[in-house]
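Please keep the sequence and the 3D view open as you read.

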Amino acid sequence: MTSGETVQPAPVALREPAHQVSPRAVTYWRVGAGITAAVVTVPLVVVALVWSDRPWWYLAPAALVVLLLLAWAAIMPSFRYRVHRWEVTADAIHTRSGWLTIDERIAPLSRVQTVDSSQGPLQRAFGLRSLTVTTASAAGPITVACLDVDTAQHLVADLTAITGASQDDAT
């Protein structure tokens with residue numbers, strides 16, 4: 001190396017967030033996908049029964065849609081569980097979600113503006129809760145879906161304490 005050359009630092013590989021969502025999320029997602037499949041399947045079955053004089057090939061696309069929805073409900077939740085992760089460090093919140101398209105977000109805690117917790121009726125039945133962390137970012141809020149209720153409550157308290165102690169104005 002000559003005296004005028006600078007050494008470029010090696011790129012740092014980003015590690016995955018440390019925590020998975022609740023294992024109950026798999027069943028929650030499966031039930032949600034099953035409800036969607038039922039909402040689509042019931043009208044298709046009714047139409048098939050009412051218009052029974054149609055040839056078999058007319059019903060083949062409907063049967064294919066139903067089979068794809070059932071496969072979706074059976075397979076998707078397990079894949080989704082494997083990739084949905086989150087972590088809060090002393091400096092940032094880091095999430096990864098998605099199973100076809102992976103969305104990875106890291107936001108400095110100094111940029112956090114609000115921490116919201118939500119729980120729909122189906123989540124309540126499974127003892128789950130989701131958090132939405134709004135930051136001063138054009139990319140929008142960060143969501144950590146399907147946490148155990150106790151974990152979510154502790155995370156809200158921790159994030160509120162951390163961001164409340166910050167001297168920055170999160171803008």
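## Ground rules

Two strands pair if DSSP finds at least two bridges between them. Helices (H or I, at least four residues) and strands (E, at least two) are DSSP runs, numbered from the N terminus. With those terms in hand, find T132, which stands opposite T143 in β7.

This is a predicted model, in which local features need pLDDT of at least 70 and side-chain atom pairs count only at pLDDT 80 or more, while totals for chains, interfaces and linings use all residues. Residues are numbered from 1 along each chain as its sequence is written, and side-chain values use heavy atoms, with hydrogens and water left out.

## The chain as a whole

The protein chain contains 4 helices and 7 strands. Following the sequence, their pattern reads β-α-α-β-β-β-β-α-β-β-α.

Of the chain's 171 residues, 30% count as buried; buried means under 20% relative accessible area, exposed over 50%, and partly exposed in between (1.4 Å probe, protein chains only). Contact means heavy atoms within 4.5 Å. Among contacts between residues at least 6 apart in sequence, 54% join residues at least 24 apart.

## The sheet and its helix

Now look at the open sheet of 3 strands, which run in the order β5-β6-β7 with antiparallel pairing. Its edge strands, β5 (112–118) and β7 (142–148), each pair on one side only. On average, neighbouring strands of this sheet are turned by 20° against each other, direction ignored. Axes here are lines fitted to C-alpha atoms, for helices over the stretch in contact, and angles run from 0 to 180 degrees between N-to-C directions.

Strand β6 (residues 128–135) and β7 share 5 bridges in the antiparallel sense, and L128 stands opposite D148 in β7. Helix α1 (residues 24–50) packs on the sheet, where it touches β6 and β7, and its direction makes about 105° with that of β7. The hairpin of β6 and β7 has 6 residues between the strands, and G140 there takes a positive phi near 95°. G140 is also one of the residues touched by T135, along with A107, R111, V112 and Q113, not counting residues up to four places away in sequence. T135 belongs to strand β6 and is buried, at 6% relative accessibility.

## Around helix α3

Is Q123 buried or exposed? This residue of helix α3 (residues 121–126) is buried, with a relative accessible area of 8%. Leaving aside neighbours within four places in sequence, Q123 is in contact with Y28, S118, L128, R129, S130 and C146. The C-alpha atoms of Q123 and L147 are 9.5 Å apart, although 24 residues separate them along the chain.

Y28 is buried too, with a relative accessible area of 17%.

## Rings

Searching the whole structure turns up 1 aromatic pair. The ring centres of Y28 and F126 are 6.1 Å apart and their planes are at 75°, so the pair is edge-to-face. Because Y28 lies in helix α1 and F126 in helix α3, the pair ties together parts that are 98 residues apart in sequence. Rings of Phe, Tyr and Trp (its six-membered ring) pair if their centres lie within 6.5 Å; planes under 30 degrees apart count as stacked, over 60 as edge-to-face and the rest as tilted.
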